[in-house]
Amino acid sequence: MARWGIASPAVLPVIAVVALATPAPLARVSQEAATTASPRNASYQINATLDPVKNEILATGRLNWRNITRNPVSALRFHLYWNAWRDSRSSWMREQALVRGRSLARRPAEDFGGIDVTVLATGGRNLVTNAKFIAPDDGNADDRTLLAVPLDTPIAAGESLELELGWTARIPRTFARTGRLGSYYFIAQWFPKIGVLTDGGWNAHQFHAATEFFSDFGGYDVTLTVPPGWTVGATGKLASTEAGNAGGTRHRFVQADVHDFAWTTGPDFVEHRERFEEPGLPPVEMRLLLQREHAGQESRHFRATRAALKYYGTWFGPYPYEQITIVDPVTVFNPASQGESTGGMEYPTLFTAGTRWWPSVEGTQPEAVTVHEAGHQFWYGLVATNEVENAWMDEGLNTYATARVMDQNEAFPNGFVATGRYFGGLAGWAYTDVRWSRGIDGNRLNAFRPMASYDAQSTPTWQYWPGSAGAITYNKTALWLATLERMIGWDATRAILGVHFKRGAYRHPTPEEFFAIAAEVYNKDLSWFFDAVYRASATFDYGVAQVTSESTPAGFIHTIVVRRYGDGVFPTPVRVTCGDTIRLLFWNGAERWKAFEVRDAAPVTKVEVDPDRVLMLDVNYTNNSWAAHPRTADAAGKWAMRWLTWVQEVLLTYAFFA
């Protein structure tokens, strides 16, 4: 019996005969790239059939790949991501177990999946026979997520190769936001995906628990056969729908200048459509596939998508595709415990949002996740940086931009409030007296604090401690971008991001290119800033350590001691208020402590370090100020209410099941 990976040699000849019996022969051709938006050097034509009884996808297709580097290549590399869930020995499963303290391998055997590649052929020769799995990152001999395929003849620079493809994908119950939940399927990373070849060799890593993906641009022509009556949403534009074999229905989707293809299907979607139109930006057809139990929430999904397309398009650059598909995934009870949710994931021209059965009218969901995933169409979809090594260039920039969109009163005139989670997250309760804050909630300061020093952001993302990847990738970037904005202003920050978007689209730009653009646009050296926030794992924490006063006949001599509690260094002003007089004192922030002497006729009433809160990375704002008359009762009330709210949620959740 074939393992989920490469088919066993015994079955290869039969499969190869069937797959290679196609009208058009495959050949190596030399050609120059056409004048297109992207290089289009990795294009796929796929025919796939879903079997919902066996939970399998049977697929064939072709890959047209061109070597756009300066060097010849003698072997190809393919990602087989679903093999991360073929057993408990993959690197993804091992890394996931490090964080959870227990392995998802405890799930039933039928929950697992994989990809069985049967054909990678050219010129009548099936290259699968000599292919082998490799583990260049960690040496795990049991990992099956990266396949090396030797070539008979090297492919020279500028030369192309067409490969016939054949594979079977066993669909897992959802892992990492792809798979099946009942009759709902969200299918991503489901085909043999060729890696990215650079002048330095293959940039193709194993699948890691802390990372997402990296691939080249191309054109996709994909025909999906599903049961009749089932709705299909996919990357690209629907070109045709027709009756297929054995009673199925074929849906053909086509899209150029994208670097991946994902799709969803099921019998329970309710389809809604609206059109995005904004002066100065191209129109976009918005298609929403909503779960029936979420009826009435369609306007919230459309409003958030429209806000992302408008503000990202105005601030950074326009969305270039004709359509975008919003997928409302099946609601999963307590998704964090089993990793079964497919919500909050992005693919070219298609993304999953995420809501609850009873969302708060004033809460941030589904708006926040919808803005965020729609925003990914710009950084992930178009700029397409290497998320395995530099995930912050997508996730972090997008988290920052999401918070800025959510803060636009024009888009969301009623604003948002803090929202608690009840019944395992299926319902939300709005705290109407606690307004949503861009600085705290939008930039995710609370989630960043516990892991601020876990990893230097300049470390390749796949080498992060898996549990800290989110905090360092998403939250830290949003916070240092917000800090940069408060340092140099929104106009300059927006200009930096806009130039990065314009120059980087379809190119996979690097961190150093981004930093060079920042210095160019601002016209000042910012290396000290990026050394502090990107190339180090320093924790920033400035505070007021001591305030003493000495009474003299001429007034008071106040001694203000400020302290750097963290190891991060950042210029930090100190504001001292004495009666009606306010003094702003400069501190370079480098010393571990500094004493300032202030003479004034009035007593000191307040001292603030970083009074304008420029340094958004400060992990402890509670020590940033000192007051002669502290608000102790207010602080005690805040923490008491927070504790009581937690107890209430526990009791409500228990009562729901009792």
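Reply: Tryptophan 528 counts as partly exposed because its relative accessibility is 35%; partly exposed lies between buried, under 20% relative accessible area, and exposed, over 50% (1.4 Å probe, protein chains only). This is a predicted model, where local features need pLDDT of at least 70, side-chain atom pairs count only at pLDDT 80 or more, and totals for chains, interfaces and linings use all residues. Residues are numbered from 1 along each chain as its sequence is written, and side-chain values use heavy atoms, with hydrogens and water left out.

Me: Which helix is tryptophan 528 in?

Reply: Helix 12, residues 527–533. Helices (H or I, at least four residues) and strands (E, at least two) are DSSP runs, numbered from the N terminus.

Me: And what is tryptophan 528 in contact with, leaving aside neighbours within four places in sequence?

Reply: Met487, Phe570 and Pro571, with contact meaning heavy atoms within 4.5 Å. Valine 569 is 41 residues away from tryptophan 528 in sequence, and their C-alphas are 9.8 Å apart.

Me: What joins strand 27 to strand 28?

Reply: A hairpin, through 2 residues. The two run antiparallel with 10 bridges, and strands pair if DSSP finds at least two bridges between them. Glutamate 550 has isoleucine 557 of strand 28 as its bridge partner.

Me: How many bridges join strand 28 to strand 31?

Reply: 8, also antiparallel, with strand 31 covering residues 593–600. There, lysine 594 is the bridge partner of valine 562.
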